[in-house]
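Thanks for coming, everyone. Let me put the model up on the screen, and then I will talk through a few of its computed features.

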Amino acid sequence: MRRKMNSRLLTGLIITGLMLAVILLGTFWTPYVPTAMKYGKFSPPSAAHIFGTDNFGRDIFSRVLKGSGTTLAIALSTVSIGALAGTLIGAVTGYLGGAADEILMRLNDALTAFPSFLLALLIVSLVGPGKKYSVVLALGLVFIPSFARVMRAEFATLRGRNFVTGARLMGASNGRILLIHLLPNTVRVLLPALTIGFNNAVLAEASMSFLGIGVRPPDASLGYMLSEAQGMLAKAPWYALFTGLTIVLLVFGVGLIGEGLQMQDREVA
Amino acid sequence: MRYVLTRLGMLLATMLLVSFLTFAAFEAVSGDPARNLLGTEATEEQVMALREELGLDRPFLLRYAEWLAGFFSGNLGVSYSYRQPVGKLIGPKLEISLCLSLMSFVMIAVISIPLGIFSYHRTGGFADWPRTVFNQLCMAVPPFFTGILVSWIFGILMKVFTPGDFPGFRQDFGESVRHLFFGAVCLGIPRIAMTVRMLRATVIEEMNKAYVRTAISRGHDRRGVLTSHVLKNSMVPVVTFLGQTLAELVGAGIVVEQVLGIPGLGRFLVLSISHRDYPVVQTIVVILAFWVVLAGTLADLINQSIDPRLRLGGNRG
């Protein structure tokens, strides 16, 4: 079934695609060395340094490229952890039901009621702040419940459908039904959930690094760079401006994709 | 009334559970605070003496009970890094954070509810584009970036307030309120966008229901149906969402407090986490958790007065 993509989805895909291409490029090549401090302090955006330079004389564009890579890597890995574990839990509880379902979902409700950012902060403080990948672990864990809830609901509605009964009558095993028959049908809820999860991950990582309990030097993520930029706001406002706008554009593009996907889904229904 | 009582009972039980889990979690990771405090050069006797002084040599459950009793009588233990009673340290900060959250919450509710309700027409299509873009943009702006922009534009360029120099209510009330106002705006923008989006979706869904068509075919006008029927039916998910927002504002507030230099609870929490000052972290976490549970309960209670079906424990139809 091929339909015309709606304009939101298309715009979102274009913005995100461009961002990804540039960020990917940035992991291999940056116009200047991101950590070199020799390009003149506080020079405003110009043809040579399109985002200007900071107080150490570093090229901000190169730093933003590198930092977006870090942010993207963290966001993608946290969402993967959350989505994989969440789908697994959702599939098992939603499809099989029973007491395990009840218990896990009550626990889930309790966890989702608690603000995820606080929970992640708590986990980081328990695991130890400043450890390199405690952010990924904390945010990944925190994202599991919301994925589990969405996926469980979907698996639970699908399990009573005729095609599932048909497959079972033909002798398909539970594993086969889950993987071959049900999983592809959950994509319509999984994809929008992924876009929302991705955006939450970007924002949460940025917040934590901004607070100094996420990514720490020598690594730099966009959030960490913003906290750095805040200190030189009076002399180099362009640092904060371009770093912040990069986050906004990244989240905006993926947000549009999510909105477009949901719209497309409504049109089918 | 029975519903209210059960709900309050559940509230207490949840709070007890949360406080226990927090206590246990911090117990498990904090290591030996006495050793941490004194450093590696202290002798074994010194460490033992301090353990006794801090009461760390007694059994776990006893200490939990004592800590809980202390929590409600205002005796929250002693901060490791400041050597001061936690309650005295936290009190003024709690006041500031509470003001910030409530201010932002009122802003969100007052702006987003009318916007969400009266933007139900014009769905899909090209005319919808500017609204979607604006909405998505507002959701994409992280509060700390707004905070930076605000302190640049209003602080450095226009000098309306001095970011990072929060005077406190007693010293300079106006300046303090300005700080909190800008903080509330930063916190509010993405949440307003989210609330408008979800309220609008709910109203649209409700307007497409059969009873609305019936009412209109009987000659009521759309506005009238909206205000007298649809609104009440759309409120339940929104109240739940606003309850969550109220809970989440505390978490989001941490970052805004940091950006604008507002000495609130969140900022103190982050500071204490990096100092590994566990008595302080523990207390703040429990206070925040109570706040979250309270917000949820409040939303539930309001909802059951809107929709009596909820009182029977059934799902919304």
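Leaving aside residues up to four places away in sequence, A:Leu226 touches A:Ala206, A:Phe210, A:Ala240, A:Thr243 and A:Gly244, and also B:Phe144, B:Phe145 and B:Ile148; a contact here means that two C-beta atoms, placed from the backbone, lie within 7 Å. Please keep in mind that this is a predicted model, in which local features need pLDDT of at least 70 and side-chain atom pairs count only at pLDDT 80 or more, while totals for chains, interfaces and linings use all residues. Residues are numbered from 1 along each chain as its sequence is written, and chains are lettered from A and ligands numbered from 1 in the order in which they are written.

A:Leu226 is also among the residues with the most contacts inside the largest nonpolar core, which has 134 residues, and it is listed there with A:Ala120, A:Leu139, A:Val202 and B:Ile284. Such a core is a set of buried Ala, Val, Leu, Ile, Met, Phe, Trp, Tyr and Cys residues joined through C-beta atoms within 7 Å, where buried means 20 or more other C-beta atoms within 10 Å of the residue's own, exposed means 12 or fewer, and partly exposed lies in between. H10(B) gives the most to this core, with 14 residues.

Turning to the contact between the chains, 31 residues come from chain A and 31 residues from chain B. On the side of chain A, the elements that give two or more residues are helices H4 (116-127), H8 (187-211), H9 (222-231) and H10 (237-268), and H10(A) supplies the largest share, 10 residues.

Chain A as a whole comes to 10 helices and zero strands, these being DSSP runs numbered from the N terminus, with at least four residues of H or I for a helix and at least two of E for a strand. Buried residues make up 49% of its 269 residues.
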